[in-house]
Amino acid sequence: MLSIVIPTYNYNVFPLVLELHKQCENCKIEYEIIVLDDGSKIVFPENETINTLENCSYIVNQTNLGRASNINKLVELTKFETVLILEADAFPSQKNYIKLYVNALIKNPQAVFGGVVYTESQPSKNKLLRWVYGHARESKNLPDRIQNPDDIVFSWNLMMKKQVFLDLAFDTSITTYGFEDLVFLKKLEQNQITIQQIDNTCIHQNEELSSVFIEKSKTAVKNLVSLYQKNILSSKDSSLLKAFEFVEKMHFIPVMTLFFKIFENLMIKNLLSEKPSLFLFDLYRLGYFCTLIRLKKDSK
């Protein structure tokens, strides 16, 4: 009936699997839970315990595939016609999480998104940026999601028909962090795949160091430059691209590049502080995007 897939890397995913296993057993449904470790460098012995749970398996890739290819492989391994894609650092907000998804299947939807929330408790100073960003940009209530069903940022806590996923799948050319979700969700929209919105959130337990999140965001911007130049994503898909095209239209790319060079360290100082500004974070990414674009033009 339901295949639950969880990609993981350097993370103890056992508590999540245990909770999902309990809920599936309580619902008395046919299910499987497959965890695919993408060649982690940090070993968590608890993850091996997953193999002792009924209908659960923990598999390790010999080489790192990247998130997109890892999820594609996971879905290919499943045996049921419906898959629920999760992340290792997610956790169901409710004890009837699986039951709510099972109930949603009655209408035979193509795809269902449950939503994402963040903890109300504030993390330590060195982890604030990711938490502030998540609350402001990623956590959206059900009325907002219903009004804008295609305006979601995650391809996890997403239940969908296996065949729909396999027909579209993740873009395997994206091997590093950033925007693989957006490209996949855009393909769903282009193929008129309706995403049903329900109130069945997962808590995103992401507690990245702000310094790590900044570096990952720079990697994501590099991906976005490539996806933009290949015409895979446009200004209609990303606010960052929309801002860049405005800067380009006004012939301000040299100005933004100089701004980034002069003020990068000051912006980073704020982003690592107790009061990180998302305005500065957007400006930082825009400046970095312009810098990369200019470097590519100068290298030709």
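This is a predicted model: local features need pLDDT of at least 70, side-chain atom pairs count only at pLDDT 80 or more; totals for chains, interfaces and linings use all residues.
## Strands side by side

Strands β1 (residues 2-8) and β2 (residues 31-37) run parallel and are joined over seven bridges; strands are DSSP runs of E with at least two residues, helices are runs of H or I with at least four, and both are numbered from the N terminus. Two strands pair if DSSP finds at least two bridges between them. Residues are numbered from 1 along each chain as its sequence is written, and side-chain values use heavy atoms, leaving out hydrogens and water.

Now look at the whole sheet. Seven strands form an open, mixed sheet in the order β3-β2-β1-β4-β8-β6-β9. Its edge strands, β3 and β9 (195-197), each pair on one side only.

## Around N61

Is N61 buried or exposed? N61 counts as buried because its relative accessibility is 4% (buried means under 20% relative accessible area, exposed over 50%, partly exposed in between, with a 1.4 Å probe and protein chains only).

The side chain of N61 makes polar contacts with the side chains of D38, at 3.0 Å, and K73, at 2.8 Å. A polar contact is a pair of N or O atoms within 3.5 Å; within protein, one must be able to donate a hydrogen and the other to accept it, and residues adjacent in sequence count only if both atoms are side-chain atoms. Leaving aside residues up to four places away in sequence, N61 touches L36, D37, D38, G39, N70 and K73, where contact means heavy atoms within 4.5 Å.

## Aromatic rings

How many aromatic pairs does the structure hold? There are 14. Rings of Phe, Tyr and Trp (its six-membered ring) pair if their centres lie within 6.5 Å; planes under 30 degrees apart count as stacked, over 60 as edge-to-face and the rest as tilted. F165 and F170 form a tilted pair, 5.7 Å centre to centre with 55° between the planes. Both partners are buried, F165 at 0% relative accessible area and F170 at 4%.

Another tilted pair, F260 and Y288, has 5.8 Å between centres and 40° between planes. This pair links distant parts of the chain, with F260 in helix α11 (residues 253-271) and Y288 in helix α12 (residues 278-299), 28 residues apart.
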